[in-house]
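Work through the exercises below with the model open. Try each task before reading its solution.

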Amino acid sequence: MMLDTTLYLTVFITLFVIMDPPGVIPVFLSLVGRKSREDRNRAAWQAPAVSLAVISVFAIGGQAILNYLHIGIPALQGAGGLLLLLIALELLTGKASNRPQGADDVNVALVPLGTPMMAGPGAIAAVIVFVAQADGEAASYLAIASAILSIHLVLFVVLRFSTALIRILGEGGISLLARIAGLPLAAIAVQLIAESVRGFVAGA
């Protein structure tokens with residue numbers, strides 16, 4: 001069975017643009033910068049692992065899940081946008097650093113990094129479409145699966161080595177990075193919400 005190289009590259013590039021590994025770095029560092037080295041390294045592989053699990057589930061049975069729950073892609077976009085907006089507001093206002101001590105136990109690799117930052121509505125929708133277009137061809141499924149694994153490997157490498165920047169940034173740099181990361185994250189959230197509204201209007 002031959003790998004469909006064209007489809008592999010198409011899926012990989014599409015997911016790379018949507019998931020944006022370099023763009024995840026500021027948010028990742030702002031969320032884990034004050035944690036221990038072990039926690040940072042753990043988050044660097046847990047976040048892509050969570051994303052891979054979510055994407056895989058939707059690749060295998062995404063359309064069936066959405067149909068069963070009567071959920072459309074616009075609803076996913078709206079929910080993801082609202083969740084990202086809450087995180088962005090915390091980063092912009094600095095309230096995330098003023099949480100009670102118990103809040104430090106929250107695993108940011110699950111939310112918001114693993115989902116919806118990485119395995120967000122855009123990536124989920126793209127994977128569902130690619131799987132539907134594969135039309136039962138084994139070579140196409142292999143290409144899609146390989147592309148999904150490849151992009152998550154890239155995400156792990158990017159996050160794992162980005163932790164070296166923490167020593168350079170220091171405490172003040174991490175606080176500044178959190179403010180900077182909050183603005184584009186808020187913009188992404190608003191864009192997702194806007195696309196959700198357009199989707200609902202178009203489907204009405």
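**Exercise 1. A charged pair**

Which side chains meet in a salt bridge at 2.6 Å, N to O?

*Solution.* First, the ground rules. This is a predicted model, in which local features need pLDDT of at least 70, side-chain atom pairs count only at pLDDT 80 or more, and totals for chains, interfaces and linings use all residues. Residues are numbered from 1 along each chain as its sequence is written, and side-chain values use heavy atoms, with hydrogens and water left out.

Step 1. Apply the criterion: a salt bridge is a side-chain nitrogen of Lys or Arg within 4 Å of a carboxyl oxygen of Asp or Glu. The count comes to one salt bridge.

Step 2. Name the partners. Asp39 and Arg42 meet through their side chains, 2.6 Å from N to O.

Step 3. Helices here are DSSP runs (H or I, at least four residues; strands are E, at least two), numbered from the N terminus.

Step 4. Check exposure. Buried means under 20% relative accessible area, exposed over 50%, and partly exposed in between (1.4 Å probe, protein chains only). Asp39 is partly exposed at 30%. Arg42 is partly exposed at 36%.

**Exercise 2. The overall fold**

Describe the chain by its elements, dimensions and contacts.

*Solution.* Step 1. Count elements. The chain has eight helices and zero strands. The pattern along the sequence is α-α-α-α-α-α-α-α.

Step 1. Compare the radius of gyration with the globule rule. The radius is taken over C-alpha atoms, and the rule is 2.2 Å times the number of residues to the power 0.38. The chain gives 18 Å, close to the 17 Å from the rule for 204 residues, so the chain is as compact as a globular protein of that length.

Step 2. Take the extents. The C-alpha trace spans about 50 × 40 × 25 Å along its principal axes.

Step 3. Look at contacts, meaning heavy atoms within 4.5 Å. Of the contacts with a separation of 6 or more, 88% join residues 24 or more positions apart.

Step 4. Buried residues make up 41% of the 204 residues. The accessible surface is about 10600 Å² (Shrake-Rupley method, 1.4 Å probe; for residues, only the protein chains shown count as cover). Carbon and sulfur atoms hold 68% of that surface.

**Exercise 3. The core**

Which residues have the most contacts inside the largest nonpolar core?

*Solution.* Step 1. A nonpolar core is a set of buried Ala, Val, Leu, Ile, Met, Phe, Trp, Tyr and Cys residues joined through side-chain atoms within 4.5 Å.

Step 1. The largest core has 53 residues, and Leu15, Phe28, Leu113, Ile144 and Leu185 have the most contacts inside it.

Step 2. Find the contributors. The elements giving two or more residues to this core include helix 1 (5-19), helix 3 (37-69) and helix 5 (109-118). Helix 8 gives the most, with nine residues.

Step 3. Beyond its neighbours within four places in sequence, Phe28 contacts Arg40, Ala43, Ala44, Leu113, Leu159, Ser162 and Thr163.

Step 4. Inspect Leu84. Leu84 lies in helix 4 and is buried at 2% relative accessible area. Its contacts, not counting residues up to four places away, are Pro116, Met117, Leu185, Ile188, Ala189 and Leu192. Leu84 and Leu192 are 108 residues apart in sequence, but 9.3 Å apart C-alpha to C-alpha.

**Exercise 4. A nonpolar patch**

Which residues make the nonpolar surface patch of about 530 Å²?

*Solution.* Step 1. Patch residues have over 30% relative accessible area and no salt bridge; like charges are joined within 9 Å, nonpolar side chains (Val, Leu, Ile, Met, Phe, Trp, Tyr) within 5 Å.

Step 1. List members: Trp45, Leu153, Phe156, Val157 and Phe161. Helix 7 supplies the largest share, four residues.

**Exercise 5. Backbone details**

Which peptide bond into Pro112 is cis?

*Solution.* Step 1. The bond from Val111 to Pro112 is cis, with omega near 10°. Pro112 is in helix 5.

Step 1. The bond from Thr115 to Pro116 is also cis, with omega near 10°. Pro116 is in helix 5.

Step 2. Turn to phi. Asp20 is not a glycine, yet has a positive phi of about 50°. Asp20 is in the loop between helix 1 and helix 2.
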